Amino acid sequence: MLGIKDLLLHQKIEKKPTTVKLAMEKSVAQKQYLLQKKGMRKWEKHGLPMLESPPAEDLAVTAVSQYIDTLNRGLL
C-alpha cells in the first residue's frame, strides 16, 4: 500500500505554538498522525506493507525504490 504524506499535518506538528489556538491545532495534528500510524501498523501486522511518500514528484520514485528493496530482500 502506498499513501501520500500530508505535508500540512507535518507542518502543524513541527511548528512551535505561540498561542493557545496553535497549541490546540498542534495537539490535534499529533493525535491524527498517531491514529494514521496505528492504522498503518495494523495493516503491516496482516502482511500488507505500508509506505508513505511525499506528494507528486517523489511518489513514483519512492514506490519503485520500495518495490526493488522488497524484491532484494526476497519478500515477494
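A search of the whole predicted structure finds three salt bridges. A salt bridge is a side-chain nitrogen of Lys or Arg within 4 Å of a carboxyl oxygen of Asp or Glu. Side chains of opposite charge can pair when their charged atoms come close. The model is predicted, so local features need pLDDT of at least 70, side-chain atom pairs count only at pLDDT 80 or more, and totals for chains, interfaces and linings use all residues. Residues are numbered from 1 along each chain as its sequence is written, and side-chain values use heavy atoms, with hydrogens and water left out.

E25 lies in helix α2 and K12 in helix α1, so the bridge ties together parts that are 13 residues apart in sequence. Helices here are DSSP runs (H or I, at least four residues), numbered from the N terminus. How exposed is E25? Its relative accessibility is 25%, so E25 counts as partly exposed. K12 also has a value of its own, 31%, and so counts as partly exposed. Accessible areas come from the Shrake-Rupley method with a 1.4 Å probe, and for residues only the protein chains shown count as cover.

E25 also forms a salt bridge with K21. Here the closest N and O atoms are 3.7 Å apart. Both residues lie in helix α2. They are four residues apart, about one turn of the helix. K21 is exposed, because its relative accessible area is 59%. Salt bridges that share partners join K12, K21 and E25 into one network.

Another salt bridge links R73 and D69. Their closest N and O atoms are 3.2 Å apart. D69 has a relative accessibility of 32%, so D69 counts as partly exposed.

K26 gives a further case. This lysine lies in helix α2. K26 is buried yet has no salt bridge. Which side chain of opposite charge is nearest to K26? It is E14, at 9.3 Å. Lys and Arg count as positive and Asp and Glu as negative, while His and the chain ends are not counted. The side chain of K26 does reach a backbone oxygen, that of K15, at 3.4 Å. This is a polar contact, a pair of N or O atoms within 3.5 Å; within protein, one must be able to donate a hydrogen and the other to accept it, and residues adjacent in sequence count only if both atoms are side-chain atoms.

Two surface patches follow. K31, K38, R41 and K45 form a positive surface patch. Patches are made of residues with over 30% relative accessible area and no salt bridge; like charges are joined within 9 Å, and nonpolar side chains (Val, Leu, Ile, Met, Phe, Trp, Tyr) within 5 Å. The place of a charge is taken as NZ of Lys, CZ of Arg, CG of Asp or CD of Glu. K31 lies in helix α2. K31 counts as exposed because its relative accessibility is 54%. K45 is in helix α2 too, which covers residues 20-45. K45 is exposed, with a relative accessible area of 75%.

The other patch is nonpolar. V64, Y67, I68 and L71 form it on the surface, with about 370 Å² of accessible area together. L71 is found in helix α3, residues 59-72. L71 is partly exposed, since its relative accessible area is 41%.

The loop between α1 (7-14) and α2 holds T18. T18 counts as exposed, at 69% relative accessibility. T18 and L48 are 30 residues apart in sequence. In space they are 40 Å apart, C-alpha to C-alpha. P17 is in the loop between α1 and α2, and P17 counts as partly exposed at 39% relative accessibility.

Technical notes
Helix = DSSP H or I, 4+ residues; strand = E, 2+ residues; numbered from the N terminus. Buried < 20%, exposed > 50% of the residue type's maximum accessible area, 1.4 Å probe, protein only.
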